[in-house]
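Student: I would like to go through the terms used for this structure and see what each one rests on.
Tutor: Then ask about one term at a time.

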Amino acid sequence: MTASRHTTARDACVVFAWLAALTALEVAAVYVVPSRLLLVAFLLATAAAKASLVALYFMHLRWADGFLRFLAAFPFVLGVAFVAALVPDIVLPWR
Amino acid sequence: MKGAAEARPAKAVPNGIVGMWLFLSSEIMFFAALIGGYIVLRLGAGPGGWPNPEAVLDTPLLAFNTFVLISSSFTMALALAAAKEGDGPRARRFLLLTAALGCVFLGIKAYDYHHLWHAGTTIRSGLFGNYYYTLTGFHGLHVAAGVAALAALVPRADGTEGAAVEVEAAGLYWHFVDIVWIVLFVILCLV
């Protein structure tokens with residue numbers, strides 16, 4: 001198999017509870033947090049936390065070997081670099 | 001003296017799992033391009049240049065849809081746990097439940113499209129509509145493909161080790177689709 005350990009049913013229940021709680025927090029934050037900047041930062045942080053929980057526990061990356069982690073991380077880093085490379089198009093006034 | 005080839009034991013990663021991760025790598029780049037384009041247009045629109053998602057979208061309904069997809073990831077994880085234990089009937093039940101939750105997600109998405117379209121937000125009504133339908137449409141196609149794959153997998157989940165690898169590969173795809181929606185829900189519906 002891909003890893004020495006896999007997510008058990010009990011692990012899955014705990015992760016599911018966290019995912020549901022974080023989703024509820026996201027929706028509540030939209031109506032509660034007054035600062036736009038703070039809200040965006042909070043929502044991005046919770047989305048990152050939820051995506052990490054799914055990747056680490058449901059996709060077993062927490063227990064995967066280095067090769068599979070590399071396969072998952074490399075395109076993710078490229079994707080973030082791609083978006084970062086587009087930032088000058090947003091912030092510089094040459095448009 | 002032992003040779004270098006004997007010194008390191010091989011790790012048994014099934015070809016199907018490696019193949020699925022390679023496929024998901026290309027999918028990450030696909031969605032990175034779409035999401036990157038959206039972020040550039042969204043931030044470049046400036047204050048007042050983009051509709052308030054709360055005013056256009058049915059946020060509570062889409063939050064519920066997020067919960068549906070998260071629940072489907074949960075049942076998929078339970079299907080894999082059952083398949084690993086060799087419990088074919090339980091794995092099949094959870095696979096069916098996962099596919100059913102995928103159908104619920106698509107049904108709510110169809111209702112959302114219907115509601116949006118009749119409220120005047122179409123794919124041709126502006127950048128928001130264009131990107132909303134493009135991003136969620138491609139994601140919906142991935143969900144539909146996942147439902148079809150799960151339906152095809154149900155009769156094959158017989159509790160053997162080979163079946164467990166197939167369930168694991170399908171699960172990787174399903175969880176990836178869940179992650180994409182987690183990101184889309186925040187950037188399209190909440191920010």
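What follows is a set of questions on terms, each answered from a value and its definition.

Tutor: This is a predicted model, where local features need pLDDT of at least 70, side-chain atom pairs count only at pLDDT 80 or more, and totals for chains, interfaces and linings use all residues. Residues are numbered from 1 along each chain as its sequence is written, chains are lettered from A and ligands numbered from 1 in the order in which they are written, and side-chain values use heavy atoms, with hydrogens and water left out.

Student: How many helices and strands does chain B have?
Tutor: Chain B has seven helices and zero strands. Helices (H or I, at least four residues) and strands (E, at least two) are DSSP runs, numbered from the N terminus. Along the sequence the pattern of chain B is α-α-α-α-α-α-α.

Student: What makes the span of α5(B) agree with its number of residues?
Tutor: The expected span of a helix is 1.5 Å times one less than its number of residues. Helix α5 (residues 88–118) of chain B has 31 residues and should therefore span 45 Å; its end C-alpha atoms are 45 Å apart, which agrees. After α5(B) comes Gly120(B), with a positive phi near 105°.

Student: Why are α4(B) and α7(B) called roughly antiparallel?
Tutor: Helix α4 (residues 59–84) and helix α7 (residues 161–190), both of chain B, pack at an angle of about 165°, with their axes 9 Å apart. Axes are lines fitted to C-alpha atoms, for helices over the stretch in contact, and angles run from 0 to 180 degrees between N-to-C directions. Angles under 35 degrees count as roughly parallel, over 145 as roughly antiparallel, 65 to 115 as roughly perpendicular and the rest as oblique. So α4(B) is roughly antiparallel to α7(B).

Student: Why are α5(B) and α7(B) called roughly parallel?
Tutor: Their axes come within 13 Å and cross at roughly 25°. The pair α5(B) and α7(B) is therefore roughly parallel.

Student: What is the handedness of the crossing of α5(B) and α7(B)?
Tutor: A crossing is left-handed if the near helix is turned anticlockwise from the far one by less than a right angle, and right-handed if clockwise. The crossing of α5(B) and α7(B) is left-handed. By contrast, α3(A) passes α2(B) in a right-handed crossing.

Student: What makes a space a cavity, and how many of 30 Å³ or more are there?
Tutor: On a 1 Å grid over the protein atoms alone, a cavity is a set of points where a 1.4 Å probe fits but cannot get out, and a pocket is an open set with protein on both sides within 12 Å along at least five of seven lines; lining residues have an atom within 4 Å of a point. A search of the whole structure finds one cavity of 30 Å³ or more. The largest cavity has a volume of about 40 Å³. Its lining includes His60(A), Met76(B) and His175(B), and α7(B) gives the largest share, four residues.

Student: What is the volume of the largest pocket, and which residues lie nearest its centre?
Tutor: The largest pocket has a volume of about 1,500 Å³. Of its 43 lining residues, Phe76(A), Val80(A), Ile35(B), Val183(B) and Ile187(B) lie nearest the centre.

Key:
Grid points are joined across faces, edges and corners, and a volume is the space filled by probe spheres set on the points.
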